[in-house]
Amino acid sequence: EALLLGENGILNAKGIRPENSSFLLLLEGCRKLGKSWEKVCMLIERMEAEQIKIEPDVVSLAIQIYGEKRKWALAESIAEKLKSREIEAYNALLLSCARLSDSKRAVDYLVSMKSKGIRPNVLSYNHAIR
């Protein structure tokens, strides 16, 4: 993170403002390196503080990371940022359930989708039955 975003980081040295893709790269790195969910929270908070639009790909990845760490409340709270694209948020939640073999939670999310009038798609069902 410091190398890319820090005061003496690559982007600052070149006068480039970080954007969504910069944070996506950092989140993917956090995931691969097994960094704590707190680090993900810090990155999301930094994006908000710097008024960087949080795109669906960042939200989806953050949901998956939180879900994999069983931080469901955080996963659900960031899913709220995808209000206009709720199916993507739910699919990220369902993918996390699949990776953890948490079929009960997956069914709960499917029921929640239907109760909100969100129609699950093929990907939703694929994640739910894994």
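1. Arg105 and its partner. In this predicted model, Arg105 has 27% relative accessibility and counts as partly exposed. Its side chain meets that of Asp102 in a salt bridge, at 3.3 Å from N to O. Asp102 is buried, with a relative accessible area of 18%. The cut-off matters here: buried means under 20%, so Asp102 falls on the buried side of it.

2. Lys104 forms a salt bridge with Asp108. Their closest N and O atoms are 3.1 Å apart. Both residues lie in helix H8, four residues apart, which is about one turn of the helix. Lys104 is exposed, at 59% relative accessibility. Asp108 is partly exposed, at 40%.

3. Glu68 and Arg99 meet through their side chains in a salt bridge of 2.6 Å, N to O. Glu68 belongs to helix H5 and Arg99 to helix H7, so this pair ties together parts that are 31 residues apart in sequence. Glu68 is partly exposed, with 25% relative accessibility. Arg99 is also partly exposed, at 41%. A search of the whole structure finds three salt bridges. In general, side chains of opposite charge can pair when their charged atoms come close.

4. Overall fold. The protein chain has nine helices and zero strands. Read along the sequence, the pattern is α-α-α-α-α-α-α-α-α. Of the 130 residues in the chain, 42% are buried. Among contacts with a separation of 6 or more, 56% are between residues 24 or more positions apart. The chain exposes about 7,500 Å², and carbon and sulfur atoms supply 54% of that area.

5. The nonpolar core. Which residues touch the most other members of the largest nonpolar core? They are Leu27, Val40, Ile44, Ile63, Tyr66 and Leu93, out of 35 residues in this core. Helices H3 (20-33), H4 (37-49), H5 (56-68), H6 (72-79), H7 and H8 each give two or more residues to the core. H5 gives the largest share, seven residues.

6. Leu93 up close. Leu93 is among the core residues that touch the most other members. Leaving aside neighbours within four places in sequence, Leu93 contacts Ile63, Trp72, Ala75, Glu76, Ala79 and Tyr109. One of these partners, Ile63, is itself on the list of core residues with the most member contacts.

7. Helix H9, the buried side. H9 spans residues 122-129. Ser124, His127 and Ala128 are its buried residues. Seen down the axis of H9, the buried residues fall within an arc of 100°, so they line one face of the helix. What covers them includes helix H7 (86-99) and helix H8 (103-115).

8. Helix H9, the other side and the start. Which exposed residues sit on the face of H9 turned away from its buried side? That face carries Val122 and Ile129. At the start of H9, Asn121 makes a contact through its side chain. A side-chain oxygen of Asn121 reaches to within 3.1 Å of the backbone nitrogen of Leu123.

Definitions and conventions:
Residues numbered from 1 in each chain as written. Predicted model: local features only at pLDDT ≥ 70, side-chain atom pairs only at ≥ 80, totals over all residues. Heavy atoms only, no water. Buried < 20%, exposed > 50% of the residue type's maximum accessible area, 1.4 Å probe, protein only. Arc of directions from axis to C-beta. Contact = heavy atoms within 4.5 Å. Polar contact = N/O pair within 3.5 Å; in protein donor to acceptor, adjacent residues only side chain to side chain. Core = buried A, V, L, I, M, F, W, Y, C linked by side-chain atoms within 4.5 Å. Areas by Shrake-Rupley, 256 points an atom, 1.4 Å probe, with all protein chains shown as cover. Salt bridge = Lys/Arg side-chain N within 4 Å of Asp/Glu carboxyl O.
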